[in-house]
Number of protein chains: 2
Amino acid sequence: MSTTLPTRPLDHATARTVVAPVVPSRSRLRPLGLGDVRIVGGFWGERQAVNAAHTLSHILSRLESEGWLPNFDRAAAGTLPAGRRGREFSDSEVYKYLEAAAWELGRRDDIDLERTFRGVVDRVAAAQEADGYLNTEFGREGQQPRWSDLEWGHELYCLGHLFQAAVARERTRPGSDDGLLLVALRAADLVCEVFGPDGIPAFCGHPEIETALAELARVTGDARYAAQAALFVNRRGHETLADIEWGRRYFQDDVPVRDAEALSGHAVRANYLAAGAVDVAVESDDDDLLASLRAQWSRTRGRRTYITGGQGSHHQDEAFGDDWELPSDRAYSETCAGIASVMFSWRLLLAGGESAYADLIERTLFNVVATSPSADGRSFFYANTLHQRVPGVVPDPDATSPRASSSLRAPWFEVSCCPPNVARTLASLDAYVATADAGGIQIHQYAPAEIRTTLDDGREVSLDVATRYPDEGTVRVTVIHSTEGAWTLSLRVPEWADGARVRVGSADVVGEALPVSPGWAVVRREFRAGDVVELELPMAPRIVVPDPRIDAIRGCVAVERGPEVLALESVDLATAEDVGEVVLDVTAPPVEGDGRVWVSIADRAPASDGWPFGAGPLDADAEPTRVALVPYHDWGNRGPSTMRVWMPTT
Amino acid sequence: MSTTLPTRPLDHATARTVVAPVVPSRSRLRPLGLGDVRIVGGFWGERQAVNAAHTLSHILSRLESEGWLPNFDRAAAGTLPAGRRGREFSDSEVYKYLEAAAWELGRRDDIDLERTFRGVVDRVAAAQEADGYLNTEFGREGQQPRWSDLEWGHELYCLGHLFQAAVARERTRPGSDDGLLLVALRAADLVCEVFGPDGIPAFCGHPEIETALAELARVTGDARYAAQAALFVNRRGHETLADIEWGRRYFQDDVPVRDAEALSGHAVRANYLAAGAVDVAVESDDDDLLASLRAQWSRTRGRRTYITGGQGSHHQDEAFGDDWELPSDRAYSETCAGIASVMFSWRLLLAGGESAYADLIERTLFNVVATSPSADGRSFFYANTLHQRVPGVVPDPDATSPRASSSLRAPWFEVSCCPPNVARTLASLDAYVATADAGGIQIHQYAPAEIRTTLDDGREVSLDVATRYPDEGTVRVTVIHSTEGAWTLSLRVPEWADGARVRVGSADVVGEALPVSPGWAVVRREFRAGDVVELELPMAPRIVVPDPRIDAIRGCVAVERGPEVLALESVDLATAEDVGEVVLDVTAPPVEGDGRVWVSIADRAPASDGWPFGAGPLDADAEPTRVALVPYHDWGNRGPSTMRVWMPTT
């Protein structure tokens, strides 16, 4: 039992065949892709099923009705800019849809989806210009010239998403004749020509293409793309882009990546850039850059991250705040920032193997990514507040919501980056479950799953993971097949799991439960079919206290259960309509009952309109009553409501 | 001694001659204008002197160099839109400059300023079109058509400021031949024609013209303008303007003014509109509307106002937040919102006479309006945060700051509404000191001043006010001249002044000090020359505790002294560089010494980058040390610093 893993570098040759979004040429851990791991149900399996059955078609329908996909047809027909609809980055949503569909087609065969996918690819390909340029917003008569607005134009950002779609397709359907990879490569070649060492010495206001180019290099073996990614990362931070209202920090052009102390500026941009910078550091053996990114991750996690894993404290510029600036009520915590944070953490996890990265991924998946989509997969949170003060308005199901925040999920947004980002993440989630290294297999996220892979030495291993996590805390890994010789199975013990235990046995023998500390439960043995490694995670609800430097939640506590952050929602209140009118009675610990977590609350004295500064604090004056909390990811599903994660105490 | 005043309606005939920004046709209190009241020194007199000596010329110089005044020359020359500079509302800053200069010329003769004033008026007048239209951004070939963008165009807003400048000029120099009033009336006639009962059934996205038209009606006696103001107020709130990202609440078009429960949306817009709505209610005897506005004021003060009097909790839309949403670190508290709040409160004070309105005016003047300008009157805060987490950057003195917030004042802004707004407020501040009614005189704000006026029955009264307020709490009012018969002198006792005392005597006899409660100290007698009424306000520093519903400052206290909110600034710390690293020791009360207020603080335990949720709160572990606080309005004058008003306690 240890927090560090035994180590040996990845066999580079193996990497090229992995069916996963991120496949580094060198790393501490080797990703196990969709060919190796299959989530077969449970919390995430249900969400993947909804994603496949409803979300993908919902997105495609909106891409058509909003005109964002027809923009490509107009480009092909040469009629643009007349009739173009959507914001300057709307092309990217089409590409994220393609990426999501590609991963979904990597999970299962689906003739209809395959046909749809190819149809969209054809429309995209038809819009590509002779020299490889592809964007419906720039470059034509009546439009701004190509590359004339790097600050806000998002041309390279859009291409980044195109490349990621092509990578997903090539990994899930190598050598497919649909043509998407060719479209991507022609565009990537143009980018390398235009922005290469002798080209325009600049980069995109919205990072994305960096990580995409790195992956394109990995999937094709063409080092030019990796070099271009490195150029983009290293050019940044020298005040190349124009100053804007919020300063160049907004798009990370204030400080070179390697000199930053924490992520700052626009939270999605910052995380996409950090993810790309890890790729660049890994591919170019730049250990200083990698060390800096690790330190930035730590500082960001320790001082600029919400309890949900959400990031971004400002609505105004969708940006990180200063250290400790984490307001619950104005939490922006954009869904895309959560996804981008998972991308950054995952790359550091592969590079170094520390369980803390997987801890933050789990927290963010359960409390940001899972929070965004509704149960039917057809509406979404864009921002993820931790405190809703007034019940929101029910969004018009046929309208495009201009609002980034509400207390209710909306079917679509004027800026609709989040829905397809959720879709591509869920469709590729199997790839974030487990990894391998020279010594064995590591399981990072717990879901009912089948793992069928080979160790680095070629030995085949089959494992089944059975669990009702996060409803229950038992994770049972059964060895279905193993061959001679010892290897190591490592199970992540989350940072919150004080009191976890692990038990190693076989089909016949139940082993002794041994205590295991947060980090890794490491079992090395000569496994045989029928062997069982069972992790028991403590699932009793926990009271959580914040660092006192976080001004916004001083005097408050939250309640967590397993990986889930819980919330108090006003629809569960009997005696008050507003969660602001109650306080938590911390003398009564939270308890479980009827499948929910219950706490004790008391009503505040009535509010007045008097001057609110001067008198001593009001005391709660009513008898405590019991109220059930809801998992944060489930809030807002029962109509307009007020809600809070952090609760003031008596 | 009472919180209510004896009452009799104002003599309407008197009102027309008052030299003040607001002169209602009917009101509980009659304003005493610049002809009646003269601030002769002290806290406000010094600021007025700096305003006159430096700020006005600083503003004019920027209006020239930024091209905002030359825009009028280009309009007159017929060369627009070529060369036009500044935002769509830049005309208004020229008008606010004119208003400020007009008030300044009402305070004292100044041949140079008079010449400058007339020069600017000539350039503005030359740009007016034949039908009275006046705006440098709209209506010409190559520009958007007139009135085509009521949401954002600010055309009527700009004209409102033009009208206020003309009103100031006409009141301070009745019948002046400079032509400004004529320019204003021609534009106002056009507005009444275009937006009248049979005209465009809409209004401006930024309220301002409502209160301006009401005052134009008062100064000219032309009821059409008041009727147009009423039309604009009553049309609002029916979703006439287009929806925008932040909803129609942003420009108060979501709910009719009389149906609102509190101010909401953009804080400057909301207060300007409320001020105009009071004018409309007063002029049209609409007591229901007036009652609604009083209730909105109370709810806004009680739940949406910072301890400084500042308003506006969101940077994003410069808007009010929900009830109790008052983050210190993201306080927007725009200087203009403070000024607009003073305008709203002042109109309600005149209408009803309740001291609470003057209380909020005092708080806002000392802690928002006085905070904005630097000591030299050449740089300004635009936003007024209550918690600066990181030291700001020194603004380039020659540049135009695009940033609405910094820890240091900037000489100018891309949107530079605040500097001329401060200038016009300070130049007319004498008019906010005192009022009269049928029974006597009321003093609302304390400054060394001369009051020379007549009571409603024609009796002449002269008073001198001597005070070192707010350094000291004694306000000594000496009767210089009075005639036979009793009248009433009422002195406001601020809401914070528990333990105030009043003493009535003569040149020879020192009266007994009698306790007086917050509200009004009312002295009715047959005053003779040499009589003295002396108010003693308790100036010991006070610990202030917030309503526990205000989540953002739970577990914190602030310190006030008199009308001043105090702040902890890092330049005063010996043992820490960041005010976030200390806590207040509340067992040691604040004390005065060396002209400052001292508190006891302790250092926090060192911060880490660990996951910040889960462990119990860190305790301060160092010995308490003493540190001096600074008046909030003085912060940021000693270089980059961190600062906080609300301090966590041990």
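Q: What kind of model is it, and how are things numbered?
A: It is a predicted model, in which local features need pLDDT of at least 70, side-chain atom pairs count only at pLDDT 80 or more, and totals for chains, interfaces and linings use all residues. Residues are numbered from 1 along each chain as its sequence is written, chains are lettered from A and ligands numbered from 1 in the order in which they are written, and side-chain values use heavy atoms, with hydrogens and water left out.

Q: How many residues of chain A are in contact with chain B?
A: 64 residues of chain A are in contact with 64 residues of chain B; contact here is heavy atoms within 4.5 Å.

Q: And what area is buried between the chains?
A: About 5,100 Å², with carbon and sulfur atoms giving 51%. Buried area is the accessible area (1.4 Å probe) that two parts lose on being put together, summed over both. On the chain A side, A:Arg549, A:Trp611 and A:Phe613 lose the most area to chain B, together 16% of what that side buries.

Q: How many salt bridges across it?
A: The rule finds ten salt bridges across the interface of chain A and chain B, a salt bridge being a side-chain nitrogen of Lys or Arg within 4 Å of a carboxyl oxygen of Asp or Glu. There is one between B:Asp551 and A:Arg644, at 2.3 Å from N to O.

Q: Which helices of chain A supply residues there?
A: Helix H11 (287-303) and H13 of chain A each supply at least two residues of the side that touches chain B. H11(A) has the largest share of that side, five residues. Helices here are DSSP runs (H or I, at least four residues) and strands likewise (E, at least two), numbered from the N terminus.

Q: What about the make-up of that side?
A: The residues of chain A that touch chain B divide into 28 nonpolar, 14 polar and 22 charged. Ala, Val, Leu, Ile, Met, Phe, Trp, Tyr, Cys and Pro count as nonpolar, Asp, Glu, Lys and Arg as charged, and the others, Gly among them, as polar.

Q: Switching to domains. Where are the bounds in chain A?
A: The assignment gives domain 1 (66-235), domain 2 (247-432), domain 3 (434-536) and domain 4 (542-648). Those bounds come from an automatic or database domain assignment.

Q: How do domain 2 and domain 4 of chain A meet?
A: 27 residues of domain 2 are in contact with 28 residues of domain 4. The area buried between these two domains of chain A is about 2,200 Å², of which carbon and sulfur atoms give 61%, and their C-alpha centres lie 25 Å apart.

Q: Which side chains make the salt bridge there?
A: The count between the two domains is one salt bridge, and A:Arg363 and A:Glu560 meet in a salt bridge at 2.7 Å, N to O. H13(A) gives the most to the side of domain 2 of chain A that touches domain 4 of chain A, with four residues.

Q: Now chain B. Which parts does the B:Arg424 and B:Glu99 pair link?
A: B:Arg424 is in helix H14 (residues 418-427) and B:Glu99 in helix H4 (residues 90-107) of chain B, 325 residues apart. Their side chains meet in a salt bridge of 2.7 Å, N to O. Both residues are buried, where buried means under 20% relative accessible area, exposed over 50%, and partly exposed in between (1.4 Å probe, protein chains only).

Q: And B:Glu261, buried or exposed?
A: B:Glu261 counts as exposed because its relative accessibility is 56%. Its side chain meets that of B:Arg299 in a salt bridge (3.6 Å, N to O).
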